[in-house]
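Here is a brief report on one protein model.

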Amino acid sequence: MTYDASLALSPPRHAHNAAAAPTLSRDAAALLTEAEHLAALHEITSWPGYAPTPVVALPGVARAAGVARLDYKDEAHRFTLGSFKALGGAYAVLCVLKEVLARDGITASASDLIAGKHRERVAGVTVCCATDGNHGRSVAWGAQMFGCACRIYIHANVSADREAAIAAYGAQMVRLDGDYDASVRAAAQDAAANGWHLVADTNAGGGSDEVPRLVMQGYTLIVDELIAQLDEMPTHVIIPAGVGGLAAAIAGRWAVVAGAARPRMVVVEPQVADCVFRALRDGVPSVMDGDVNSFMACLSAGEVSPAAWPILRSVVDDAVAIADGTAIDTMIGLAQGRWEDRQLVSGESGCASVAAVLALADHADLRAALGLTAQSRVLCIGSEGATAPELWTSFTDLNPQDISAA
């Protein structure tokens, strides 16, 4: 499949967060407590199929980007879901069910629910959320694994293969007109009206920050894995940002673990959906107007998660916004091994971190603003594999399963 190469001509944009500090502010630290992190670590690592996702060295991409080293945390291998989201939504579902059971005086673990204990009580519980694809898949997977009912809201631009992948876990699907942010509000309203449990990765549509914080705690496991996997600390960590939950979890957890020695944290977004970019630049979040749908489908958000914002403001240093064409070109290049690295299955949003580093290569002013040099060691969070496999194949002319098997 061809695409309009002119889309790749729009240069990247950069914003610096003047409020960023070496360590977490007090209010940000309260959102990512060590006790909650350890609880998430204990439960998630007990699930069947848990294993740390690999870190892939991409020396060819590093040369093209003009940096000393570039590593890629490949979340395509996260359980069977193909994205980092498997860690968050399903964990939040578990916590919701444990709380429901606790009201009845029942203490239960993930292992208990997976084994079918308390199934009659749990089966009467409905969880719901809105999604661009990956979060809903995680919530539906968690609901199936732990035994409750599930209802997932998707918007007009969610691909048919993403919808089918979610429905395969037994979720009832609700497709609405409008964009992601409209579906977030609809899910929140229907949950409140029907007594369902909203398992959202953002509280922009209403409600407390409790569940979005649980989702972020699931994501913090990625940092623990990376600390064990890397032989030296990166100078820069590049993280895709949708509503900001993953970026907050990565940057926040790294600040807890490393303190003032943490790497420079940089988020990347589509230029048409740069809500985190604008919030960091302006010092305050605002709701974007107009169409925020991007090729980077899982980053197509127009409003920062209020639960994530205190952490983003505290320890995310920079934001980079890239054009859709930049992501398209990078996704194809990684799939084909263009830079003489191993072929990589990186989805539309998963490739965004690498795309940003490559896009900055020819912009000396932006590299200087970000502190990127020939000595920099860059870690890119590859947030997803081919979670929309038909679309991925249509652009790359390859089969993601063939590359993964190789």
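## Patch and pockets

Val257 sits in helix H12, residues 245-258. Helices (H or I, at least four residues) and strands (E, at least two) are DSSP runs, numbered from the N terminus. The model is predicted: local features need pLDDT of at least 70, side-chain atom pairs pLDDT 80 or more, while totals for chains, interfaces and linings use all residues. Numbering runs from 1 along each chain as its sequence is written, and side-chain values use heavy atoms, without hydrogens and water.

Val257 is partly exposed, at 40% relative accessible area (between buried, under 20%, and exposed, over 50%; 1.4 Å probe, protein chains only). Together with Ile227, Met233 and Val256, Val257 makes a nonpolar surface patch of about 280 Å². Such patches take residues with over 30% relative accessible area and no salt bridge, nonpolar side chains being joined within 5 Å. A salt bridge puts a side-chain nitrogen of Lys or Arg within 4 Å of a carboxyl oxygen of Asp or Glu.

Now the pockets. A pocket is an open set of points on a 1 Å grid where a 1.4 Å probe fits, with protein on both sides within 12 Å along at least five of seven lines; lining residues have an atom within 4 Å of a point.

| Pocket | Volume |
|---|---|
| Largest pocket | about 400 Å³ |
| Second largest pocket | about 340 Å³ |

Of the 19 residues lining the largest pocket, Ala76, Thr80, Leu81, Gly82 and Ala386 are closest to its centre. Helix H19 gives the largest share of that lining, three residues.

The second largest pocket has 21 lining residues; Val96, His197, Leu198, Ser208 and Val211 lie nearest its centre. Here H4 supplies the largest share, five residues.

Notes: Patches are made of residues with over 30% relative accessible area and no salt bridge: like charges are joined within 9 Å, nonpolar side chains (Val, Leu, Ile, Met, Phe, Trp, Tyr) within 5 Å. Accessible areas come from the Shrake-Rupley method with a 1.4 Å probe; for residues, only the protein chains shown count as cover. Grid points are joined across faces, edges and corners, and a volume is the space filled by probe spheres set on the points.
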